[in-house]
Structures are given as C-alpha cells and as structure tokens.
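Q: Let's go through this structure together, please, one topic at a time.

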Amino acid sequence: MTANAGSPDGQRESPAQVPRGRALVAVAGLSLALFTFATVEALPVGLLPQIAHGLGVSLPSVGLLVTGYGLVVMATAIPLTALTRRIPRRRLLAVVLALFTGATLLCGMAPGYGVLLGARVLIALTHAVMWSVVASAATGMFPERMRAKVVAALFGGSSLAQVLGAPAGTWIGQQTDWRVPFLVVSCLGLLSGIIVVGMLPSSPVEANPAATAPQPDRFRFLLVVTATAVVIAGFFTFYTYVTVFLADVAQISPHSIGAVFAVGGVGGLIGTSVSGLLSGRSARGTMIGSVALVTAALAVLVAAGDRPVVPVAAITLLLLSLSAMVTALTSRILHIAPGNVDVASAASSAAFQAGIAAGSFLGGTVLAARGPDGVAVLGMSGAAAGLALLLAEEPLSRLVGRFGEGEVRTGFSPPGPPVAREESLSCTKGHGGEHA
C-alpha cells in the first residue's frame with residue numbers, strides 16, 4: 001500500500017481531515033468487524049455437539065477451541081500490538097481482517113480437528129491485535145468530545161453479536177451443518193475489510209490524535225486494569241455456569257433458557273448505548289456505576305434467584321451493566337493510558353481474558369463443591385472486590401502522589417526525563433478532562 005493511498009491530492013490524510021460521512025462509514029465497517037469477531041469466538045460454544053460429532057472428537061477437545069482461544073489472546077495481545085504499533089492502521093487492519101477472513105473460511109472447510117484448531121489459533125492472533133487497535137483507530141477520526149459515543153457505536157457490533165450473531169449462527173449450524181455459519185461469517189469479514197480499506201484514512205500512527213492519552217497516568221491505569229480483571233473473574237465465575245443456575249436454582253426449562261439470553265442480549269445493547277452517552281461526561285463514574293450494577297445483579301440472584309421472573313430481570317441487568325462497563329473502560333483507557341494507547345488497550349484485553357480464564361476455573365471448582373448457589377456467591381464477591389478497588393482509586397492515587405516521586409511514567413515505553421513534582425501531581429489527580 002502506498003503512502004498516499006486514498007488521498008486525492010497525493011498527501012497522507014490526517015484523521016482530523018476525514019469527512020464526517022466517510023468517518024461514520026468507517027466506524028460502521030469496524031463495528032461490523034467486531035460483530036464478526038465476537039460471533040466467531042462464540043460459535044464453538046453453541047455448536048459444540050455438532051462439531052464433536054462431525055469431526056469425531058470428544059466434547060472436551062472442542063471445548064479447547066474456546067479455552068485455547070482465550071489463552072492465545074491473553075499471551076499475545078501485548079507483544080503483537082507492541083510489534084505493530086508503528087504500522088499505519090488502515091494497512092494493519094486490512095491485513096488483520098484478511099487473515100481473519102481466511103482463517104474463518106478455513107474453519108468452515110477444515111478436513112479435521114487439527115486444521116480447525118490451527119485456524120482458531122490464527123483467528124485468536126488477529127483478535128489480539130484487532131481489539132487492541134480498533135478503538136483508537138475509530139476515535140481518532142473524531143473530536144475528543146465525541147469519542148465516548150464513537151466507542152459505543154463501535155462496540156454495538158460486539159453487543160449485537162450476542163443478540164443476533166451467535167444465536168443465529170448456532171441455529172443455522174443446527175439446521176444445516178456446523179461449517180455453514182463459519183462460511184457466512186467469513187463473507188461478513190470480507191465485507192468489513194472492504195469497507196475499512198476504502199474508508200479508513202491512510203495517515204501514519206503518529207498523526208492519530210487518539211494514539212496517546214490526554215492525561216496519562218500509570219498508577220490509575222494499572223488499578224483500573226486490575227479491577228477489570230477482578231470484576232471479569234467474578235462475572236465469569238457465575239456466567240460460565242449460568243445455564244446450570246437457571247436450570248437448577250431458577251427452575252427455568254432448557255427450552256426457555258435461550259429466550260433469557262436473548263432478552264439479556266438486548267440489555268447489553270442498551271447498556272452499550274447508555275454508557276456511550278454517560279462516559280462522555282465521566283468515564284470513571286460510569287464504570288463505577290456499571291460495576292455496582294454488576295454486583296447488585298449478582299446479589300439479587302444470590303438472594304432471590306429461585307423466584308419467578310427475578311432471574312430473567314437479574315440476567316438482563318447483569319448483561320446490561322457488563323456491556324456498559326466495557327464501553328466505559330475503553331473510554332477511560334483512551335483518556336489515562338500511559339504511553340501508547342494501543343499497547344495499553346492490549347494490556348486491558350489480556351487482563352480481560354485472564355479474568356475469563358480465572359473465573360471459569362474458579363466457577364468449575366466451586367460448582368463441584370458448593371453447587372450453583374455457591375458459584376453465584378463467589379461471583380458476587382469478585383465483582384464487589386473489583387468495585388472496592390475502583391472506589392479506592394482517588395485516595396490511593398493521592399497517597400501515591402504524596403509519598404511517591406510523583407512521576408507519571410509509562411509502563412510500556414522508556415520513561416522520559418524527570419518532570420517537576422508540581423506538574424506530575426497535577427497529572428496524577430486525573431480530573432482535568434471531561435472523561436476522567
């Protein structure tokens with residue numbers, strides 16, 4: 001790709017110069033890409049028996065397609081994003097989406113389990129890069145005041161995958177063959193790639209105003225990422241085994257559980273939209289409120305999960321608040337990330353996957369010992385612990401500023417020269433911008 005590709009006057013384009021209509025179409029293409037990624041990630045869960053039967057392998061072997069996926073993303077998000085941080089985003093995303101499309105197509109044509117597993121690993125590698133760079137690539141085309149809304153529109157694609165993509169893919173696979181949904185999604189991946197290549201500006205990474213945060217703060221960033229991992233671990237301690245809870249505790253029939261998830265998915269869409277509006281004013285406050293709702297929803301399930309209607313309402317609130325948290329988290333990282341925003345986003349993605357893995361493991365252990373009620377209690381405890389960390393951010397930040405050196409240094413790039421204590425302390429306060 002040439003340096004001036006996509007620029008009518010032969011010059012590289014600045015994201016600030018991108019026409020609004022073109023920028024909106026580019027965001028739509030990136031949102032479609034996230035829809036395809038989230039759908040493909042979840043497909044083996046819904047089609048687990050069909051894949052196992054079709055390839056003549058055990059159910060745990062197919063389960064490895066999901067577990068291994070998360071482990072690959074967790075291990076490679078930071079190094080891959082660091083290695084590609086200087087590549088212009090249109091070029092990088094074109095390669096990522098091309099590899100994703102090809103690997104998804106290979107999933108649908110895999111002659112055996114080994115090829116399918118290899119294709120899933122390749123998709124996980126593209127996932128590691130995609131979810132790290134997509135937010136800054138999209139928001140860099142818009143003024144800072146609009147970035148929270150852009151994030152919400154962007155992540156609407158992944159939320160829609162929970163409502164439409166994964167359920168539709170599962171249904172199509174059950175009615176036809178497990179390979180068909182992968183083939184369909186590969187076509188959507190190709191379409192998103194065409195849109196992104198045609199509409200995303202060809203500017204260098206350094207020209208993207210969203211490549212660095214306006215108020216970088218290493219301590220706040222590390223605390224937020226740690227809290228995220230703890231909350232996600234609590235969430236997935238419960239949610240990995242939510243069908244067991246709904247069947248055994250809530251006494252919901254297996255045929256109705258799909259409807260519960262559909263209603264919850266709509267809640268997730270609402271949560272993403274509302275968070276986009278609120279995060280523009282206070283991403284930190286929106287994130288704290290979202291985690292508080294996650295904790296409250298799990299508390300309701302612990303206290304009244306066996307009562308009519310309550311589980312459906314609680315699951316809807318749970319998915320709504322988690323989607324809101326993810327949107328607010330992304331807006332927060334765009335504002336406080338130390339060093340390169342994309343590498344910081346990769347660290348957040350790795351923490352997210354670590355929380356999923358830890359939650360699934362803890363949930364399985366507790367389920368065997370305490371049953372589904374115990375899983376809900378532990379999940380609630382994890383979410384509450386994450387909430388406590390977020391609430392402690394201000395006093396802990398003041399403590400670090402008072403007794404530490406007061407320097408704000410990135411954890412992902414070499415530190416610059418020492419700065420004055422007064423300037424550093426003002427940076428660690430984190431109140432200077434509308435998103436803080």
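Q: To start with two helices, in what kind of crossing does H5 pass H13?
A: The crossing in which H5 passes H13 is right-handed, where right-handed means that the near helix is turned clockwise from the far one by less than a right angle, and left-handed means anticlockwise. Helices here are DSSP runs of H or I with at least four residues, strands are runs of E with at least two, and both are numbered from the N terminus. Please keep in mind that this is a predicted model, in which local features need pLDDT of at least 70 and side-chain atom pairs count only at pLDDT 80 or more, while totals for chains, interfaces and linings use all residues. Residues are numbered from 1 along each chain as its sequence is written, and side-chain values use heavy atoms, with hydrogens and water left out.

Q: OK, and at what angle do H5 and H13 pack?
A: Helix H5, residues 113-139, packs against H13 at an angle of about 130°, and their axes are 8 Å apart; an axis is a line fitted to C-alpha atoms, for helices over the stretch in contact, and angles run from 0 to 180 degrees between N-to-C directions. This makes H5 oblique to H13, because angles under 35 degrees count as roughly parallel, over 145 as roughly antiparallel, 65 to 115 as roughly perpendicular, and the rest as oblique.

Q: Which residues make that contact between H5 and H13?
A: On the H5 side they are His127, Ser132, Val133 and Ser136, and on the H13 side Val341, Asp342, Ser345, Ala346 and Gln353, with contact meaning heavy atoms within 4.5 Å. By class, the contact of H5 with H13 has 3 nonpolar, 5 polar and 1 charged residues, where Ala, Val, Leu, Ile, Met, Phe, Trp, Tyr, Cys and Pro count as nonpolar, Asp, Glu, Lys and Arg as charged, and the others, Gly among them, as polar.

Q: Stepping back, how many helices and strands are there in the chain?
A: The chain has 15 helices and 0 strands. Of its 436 residues, 52% are buried, which is to say under 20% relative accessible area, whereas exposed is over 50% and partly exposed lies in between, using a 1.4 Å probe and protein chains only.

Q: How do H8 and H12 pack?
A: Helix H8 (residues 218-239) and helix H12 (residues 310-336) pack at about 160°, and their axes are 11 Å apart. H8 is therefore roughly antiparallel to H12, and H8 passes H12 in a left-handed crossing. Among the residues in this contact are Phe221, Val231 and Phe238 of H8, together with Ile315, Leu318 and Ile336 of H12. The contact of H8 with H12 divides into 15 nonpolar, 1 polar and 2 charged residues.

Q: What does Ile315 touch?
A: Leaving out residues up to four places away in sequence, Ile315 touches Phe238, Val242, Leu246, Val260 and Leu301.

Q: And which residues have the most contacts inside the largest nonpolar core?
A: They are Leu30, Met130, Phe238, Ile315 and Leu318, in a core of 104 residues. Helix H13, residues 341-391, gives the most to this core, with 13 residues. A nonpolar core is a set of buried Ala, Val, Leu, Ile, Met, Phe, Trp, Tyr and Cys residues joined through side-chain atoms within 4.5 Å.

Q: Back in H8, is Val225 buried or exposed?
A: Val225, which is in helix H8, counts as buried because its relative accessibility is 11%. Apart from residues up to four places away in sequence, Val225 touches Ala347, Ser348 and Ala351.

Q: New topic: where is Gln251 found?
A: Gln251 is found in the loop between helix H9 (242-248) and helix H10 (254-279), and with a relative accessible area of 62% it is exposed. Its phi is positive, about 60°, although Gln251 is not a glycine. Most residues other than glycine have a negative phi.

Q: What about phi of Val309?
A: Phi of Val309 is near 70°, a positive value in a residue other than glycine. Val309 is found in the loop between helix H11 (283-304) and H12, and counts as exposed at 64% relative accessibility.
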